[in-house]
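Please open the model in your viewer and keep the sequence beside it, as this tour moves from one selection to the next.

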Amino acid sequence: MSLLLKIDRYLRRTNMSRTQFGRLAVNDPRLVTDMVRGRVIGPAVAARITRFMDGTEA
């Protein structure tokens, strides 16, 4: 499953906005919108995003 799909499911489950997610996960409010538009995320940032989603209660 792609990281963007996992993020989308997380956002729906937690009722969190894209902006808030990006800010909390990696201090980048444009993260998710940029990913939707084709931004490629490196492995270090992807790991930070995954840790954020795994470490927060839904």
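Which residue follows α2, and is its phi positive or negative? Select Asn27, which comes after α2 and has a positive phi, near 60°. Helices here are DSSP runs of H or I with at least four residues, while strands are runs of E with at least two, numbered from the N terminus. Before going on, note that this is a predicted model, in which local features need pLDDT of at least 70 and side-chain atom pairs count only at pLDDT 80 or more, whereas totals for chains, interfaces and linings use all residues. Residues are numbered from 1 along each chain as its sequence is written, and side-chain values use heavy atoms, with hydrogens and water left out.

**Helix α2**

Now select residues 18–26, which make up helix α2, where Arg18 is found. Arg18 is partly exposed, with a relative accessible area of 39%; buried means under 20% relative accessible area, exposed means over 50%, and partly exposed lies in between, with a 1.4 Å probe and protein chains only. Leaving aside neighbours within four places in sequence, Arg18 is in contact with Leu11, Pro29, Val32, Thr33 and Val36, contact being heavy atoms within 4.5 Å.

Next, colour Phe21, Gly22, Ala25 and Val26, which are buried in α2. Seen down the axis of α2, these buried residues fall within an arc of 95°, so they line one face of the helix; the arc is that of the directions from the helix axis to the C-beta atoms. What covers the buried residues of α2 includes α1, α3 and α4.

**The nonpolar core**

Select Ile7, Phe21, Ile49 and Met53, which touch the most other members of the largest nonpolar core, a set of 16 residues. Such a core consists of buried Ala, Val, Leu, Ile, Met, Phe, Trp, Tyr and Cys residues joined through side-chain atoms within 4.5 Å. Not counting residues up to four places away in sequence, Ile7 touches Phe21, Val32, Met35, Ile49 and Met53.

**The aromatic cluster**

Show the rings of Tyr10, Phe21 and Phe52, which form one aromatic cluster. Rings of Phe, Tyr and Trp (its six-membered ring) pair if their centres lie within 6.5 Å, and planes under 30 degrees apart count as stacked, over 60 as edge-to-face and the rest as tilted. By this rule there are three aromatic pairs. Tyr10 and Phe52 form an edge-to-face pair, 6.0 Å centre to centre with 65° between the planes. Because Tyr10 lies in helix α1 and Phe52 in helix α4, this pair ties together parts that are 42 residues apart in sequence. Phe21 and Phe52 are also edge-to-face, at 5.4 Å centre to centre and 80° between the planes.

**Salt bridges**

Finally, show the charged side chains and look for salt bridges, each a side-chain nitrogen of Lys or Arg within 4 Å of a carboxyl oxygen of Asp or Glu. The count comes to four. Asp8 and Arg12 meet in one of them (2.3 Å, N to O), and since they are four residues apart in helix α1 (residues 3–14), about one helical turn separates them. Arg12 is exposed at 62% relative accessible area, whereas Asp8 is partly exposed at 30%.

Move on to Asp34 and Arg30, whose closest N and O atoms are 3.4 Å apart in a salt bridge. Asp34 is buried, with a relative accessible area of 17%, while Arg30 is exposed, with 51%. Salt bridges that share partners join Asp28, Arg30, Asp34 and Arg39 into one network.
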